[in-house]
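Subject: Structure handover

Hi there,

Here is the structure I promised to pass on, with my notes on it below. Have a look at it first, then read on.

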Amino acid sequence: MSIQAPSAVVLVRPHHFRPNPLTADDNVFQVIGAETESARLAAAAYDEVTRAASALETAGIRVHLFDDESAKRPDSVFPNNWMSTHPGGHVAIYPMYAVNRRCERRWDVIDMLKNAYRVQDVIDYSGLELDDVFLEGTGAIVLDHVSRIAYVARSHRADPIALERFCTNFGYEPMVFDAVDPTGVPIYHTNVMMGIATDFALVGLDLIQSPARRAQVVDRLTAHGRTIIDLDFDQVCDFAGNAIELHAPAGRILALSQRAADTLRPDQLAIIERSCTLLPLDIPTIELAGGSVRCMIAGIHLDPRPAVVAA
């Protein structure tokens with residue numbers, strides 16, 4: 001087992017998916033105008049989540065699949081932005097930037113976690129929204145659970161006040177950096193350009209502006225023997241960094257989109273396949289919203305409760 005790789009996940013299957021117009025201004029990975037085909041997109045996204053859940057279960061991952069029938073939550077397919085779970089029984093709930101994303105928080109999901117897993121506490125930061133302070137979960141924060149480091153690309157979706165509170169409460173060291181695309185636009189979520197697995201890390205290093213900070217990120221990521229897989233911007237745009245390592249009965253897997261898998265070079269794939277089996281998921285419709293497989297998956301880093309045996 002690896003503390004970095006959970007063996008259970010939460011997925012949300014939307015009935016009314018569409019790219020969110022309130023997130024388009026700072027998400028350069030989002031396809032503008034696609035929301036006009038809402039009915040077709042919603043049906044396709046529903047099917048993509050259904051197939052992704054089935055593929056994960058077939059691989060041996062425990063999947064908790066929740067349906068979202070509301071038309072008011074276009075981005076509900078990305079639950080990792082509003083919740084995260086942590087070893088020791090801890091759960092965090094986050095403040096969201098877009099007003100229409102704040103209703104994605106679901107207490108039935110939290111109740112499920114409490115019933116199925118050992119939850120000691122739930123720390124709710126969502127009240128910070130009233131002060132325009134935001135921290136969008138493991139979209140804004142990429143966590144190294146081994147070294148206890150929280151990597152964050154600076155943006156208005158990752159407020160330093162909220163980050164400091166999170167790191168203090170959960171015992172992580174913050175590692176903040178400025179990351180921009182080739183036109184100078186800040187990267188909206190860290191997990192688009194960075195994914196950390198047990199033995200390797202997928203990182204768009206050239207997007208980190210400061211050479212000194214870039215070197216510090218490399219030093220910290222490789223401190224425990226990880227190999228860096230350096231992604232170019234085209235690969236970041238194809239969501240190669242938006243992947244998550246999971247632990248299945250047969251070993252670790254790397255869940256990523258088919259588009260992401262197709263953009264990786266043979267030498268990069270060879271590094272991954274030394275420790276993981278690739279699990280490509282075909283989600284082209286969902287990727288129109290500017291997120292990919294990592295955004296869809298809320299990993300469960302909690303100990304399961306024992307099954308109750310009837311007398």
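Strand 12 is covered on both faces: Ile244, Leu246 and Ala248 are buried on one side, and Glu245 and His247 are buried on the other. In total, five of its five residues are buried. Here buried means under 20% relative accessible area, exposed means over 50%, and partly exposed lies in between (1.4 Å probe, protein chains only). Strands are DSSP runs of E with at least two residues, helices are runs of H or I with at least four, and both are numbered from the N terminus.

Two notes on the source before I go on. This is a predicted model, in which local features need pLDDT of at least 70 and side-chain atom pairs count only at pLDDT 80 or more, while totals for chains, interfaces and linings use all residues. Residues are numbered from 1 along each chain as its sequence is written, and side-chain values use heavy atoms, with hydrogens and water left out.

Back to strand 12. Its partner is strand 13 (residues 251-257), which runs antiparallel to it and is joined to it by five bridges; strands count as paired if DSSP finds at least two bridges between them. The hairpin between strand 12 and strand 13 passes through two residues, and Glu245 stands opposite Leu254.

A cavity is a set of points on a 1 Å grid over the protein atoms alone where a 1.4 Å probe fits but cannot get out, and lining residues have an atom within 4 Å of a point. Points are joined across faces, edges and corners, and a volume is the space filled by probe spheres set on them.

- The largest cavity holds about 270 Å³. Its lining has 21 residues, with Thr138, Leu143, His145, Ile244 and Arg294 nearest the centre. Strand 3 (83-86), strand 6 (141-144), strand 9 (194-196), strand 12 (244-248) and strand 15 (298-299) each give two or more residues to this lining. By class, the lining residues are 10 nonpolar, nine polar and two charged.
- The second largest cavity has a volume of about 80 Å³. It is lined by 13 residues, and Asn27, Phe78, Arg101, Tyr188 and Ala289 lie nearest its centre. Four of the lining residues are nonpolar, six polar and three charged.

For these classes, Ala, Val, Leu, Ile, Met, Phe, Trp, Tyr, Cys and Pro count as nonpolar, Asp, Glu, Lys and Arg as charged, and the others, Gly among them, as polar.

Next, the packing. The largest nonpolar core has 40 residues, and Tyr151, Phe177, Met193, Met194, Phe200, Leu202 and Ile272 touch the most other members. Such a core is a set of buried Ala, Val, Leu, Ile, Met, Phe, Trp, Tyr and Cys residues joined through side-chain atoms within 4.5 Å. Strand 10 supplies the largest share of this core, four residues. A second, separate core of 27 residues includes Phe17, Val293, Cys295 and Ile297.

Most residues other than glycine have a negative phi. Phi of Arg148 is positive, near 60°; Arg148 sits in the loop between strand 6 and strand 7 and is partly exposed at 28% relative accessible area. Phi of Phe239 is also positive, near 70°; Phe239 lies in the loop between helix 6 (233-237) and strand 12, and is buried at 1% relative accessibility.

Best wishes

Methods: 1 Å grid on protein atoms, 1.4 Å probe; cavity = no way out; pocket = protein on both sides within 12 Å on 5 of 7 lines; lining within 4 Å.
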